[in-house]
Amino acid sequence: MKKILITGGAGYIGSHTAVALVVAGFEPVIVDNFSNSDHSALNGLKRILGKELLCYEGDCNDRELLQRIFKENQFEGVIHFAAYKAVGESTQFPLKYYSNNLFSLIVLLETMAAFGVRDLVFSSSCTVYGQPDELPVKESTPRKEAESPYGNTKKICEDILRDYIKSGVNSRIISLRYFNPVGAHPSGEIGELPLGVPNNLVPFITQTAAGIREKLTVFGNDYATSDGSCVRDYIHVMDLADAHVKALEYLFKQKENFYDLFNVGTGKGNTVLEVIQTFEKVSGRPLNYQIGPRRPGDIEKVWANTDKINTVLGWHAKYSLEDSLRDSWNWQQKLGEKE
Ligand SMILES: NC(=O)c1ccc[n+]([C@@H]2O[C@H](COP(=O)([O-])OP(=O)(O)OC[C@H]3O[C@@H](n4cnc5c(N)ncnc54)[C@H](O)[C@@H]3O)[C@@H](O)[C@H]2O)c1
């Protein structure tokens, strides 16, 4: 069985990708420092998979640790999720973000080269587009100045990867630009586990419905969109997980010295108010929310053109927004039962 290293594999997207990898016949190995995740994710994985995954607790900036992991395992590929991701926090502590997100990638690339591991899938983000001039946004659409240090780390990491491949190395790399991941594994055993106040809309919605938060604030209803609230492309995390498997399988078939990038979204935009209404429908609960002022740095609208990933990787989003919100709500309710 092909072993795949998943950095940040105890996190939200990494844990779901671990499941998708096992289903596809791979053997995932996790490294995570649990800076933004909990060991309970590993228990959830065990319940879904019926077996324990090998997990190293430690930091991807720790070169010696990475060397030990690569020495102890013969990897066919790596998926690099480990990074800090809170946009607001990154404006407060930019060096923390630049240091973790850039150095972990560099140390990882150097370790991969030292051990002859060629294939890497990297977590990028639609944040690199800023507010694009054309919608739906294509991979070829020029990137804009980043709105935050976090967004800039993703831009710089993409540039590092492009320059690295340009230097002629034999690696094969894909960057996936995720749109807005939502949902949870349908079993409710793993899902998004925000530490503290959630930064993302859907965990805030589910926590409000569960009574953990009093009220959701919708940031602005005067944007140039159908109902005035911001538009995003919400992608079920299981679909996103599957895109990583497709990306890896595609990399294995490429000639050496290869780099490409793909949008991963549904190709459909939904407003914040549509998400709230859909949540109320699938959960059968009215949501306590209010309209507030715009939040500085928010993009008005963005959704993906998915032609490239559909045709080249043969990947299509299968889950609907209803599915995503039902699964997020199921996960939230199961979390409540555990407390
Ligand atoms: N969730 C989103 O909305 C979103 C959107 C676009 C891109 N991304 C990117 O996808 C990746 C995964 O996101 P997520 O939502 O699963 O985040 P997450 O915080 O749930 O998962 C990241 C994991 O990496 C770990 N980690 C962080 N720094 C580490 C380090 N130096 N060494 C070892 N482990 C480390 C954290 O503990 C966490 O378990 C990140 O790179 C993120 O920037 C996320």
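**Overall layout**

Modeller: The protein has 11 helices and 13 strands. Helices (H or I, at least four residues) and strands (E, at least two) are DSSP runs, numbered from the N terminus. This is a predicted model, where local features need pLDDT of at least 70, side-chain atom pairs count only at pLDDT 80 or more, and totals for chains, interfaces and linings use all residues. Residues are numbered from 1 along each chain as its sequence is written.

Biologist: How many of the residues are buried, as a percentage?
Modeller: Buried residues make up 47% of the 339. A residue is buried if 20 or more other C-beta atoms lie within 10 Å of its own, exposed if 12 or fewer, and partly exposed in between, with C-beta atoms placed from the backbone.

Biologist: Which residues have the most contacts inside the largest nonpolar core?
Modeller: Ala247 and Val264, in a core of 88 residues. Such a core is a set of buried Ala, Val, Leu, Ile, Met, Phe, Trp, Tyr and Cys residues joined through C-beta atoms within 7 Å. Helix H8 gives the most to this core, with 10 residues.

Biologist: What does Ala247 touch?
Modeller: Leaving out residues up to four places away in sequence, Ala247 touches Val121, Ile174, Leu176 and Leu313. Two residues are in contact if their C-beta atoms, placed from the backbone, lie within 7 Å.

Biologist: Now the ligand. Which residues are the closest?
Modeller: Gly8, Gly11, Ser37, Ala83 and Ser125 are the closest of the 29 residues that surround the ligand. Two or more shell residues come from each of helix H1 (12-23), S2, helix H5 (94-114), S5 and strand S7 (180-182). H1 gives the most, with 3 residues.

Biologist: Backbone next. Where is the cis peptide bond?
Modeller: The cis bond joins Leu135 and Pro136, with omega about -5°. Pro136 is in the loop between strand S5 (119-125) and helix H6 (149-166).

Biologist: And Phe34, what is its phi?
Modeller: Phi of Phe34 is near 60°, a positive value in a residue other than glycine. Phe34 lies in the loop between strand S2 (27-32) and helix H2 (40-49). Phe34 counts as partly exposed because 17 other C-beta atoms are within 10 Å.

Biologist: What about phi of Asn257?
Modeller: Phi of Asn257 is also positive, near 60°. Asn257 is placed in the loop between helix H8 (237-252) and strand S11 (258-264).

Notes: Near = placed C-beta within 6 Å.
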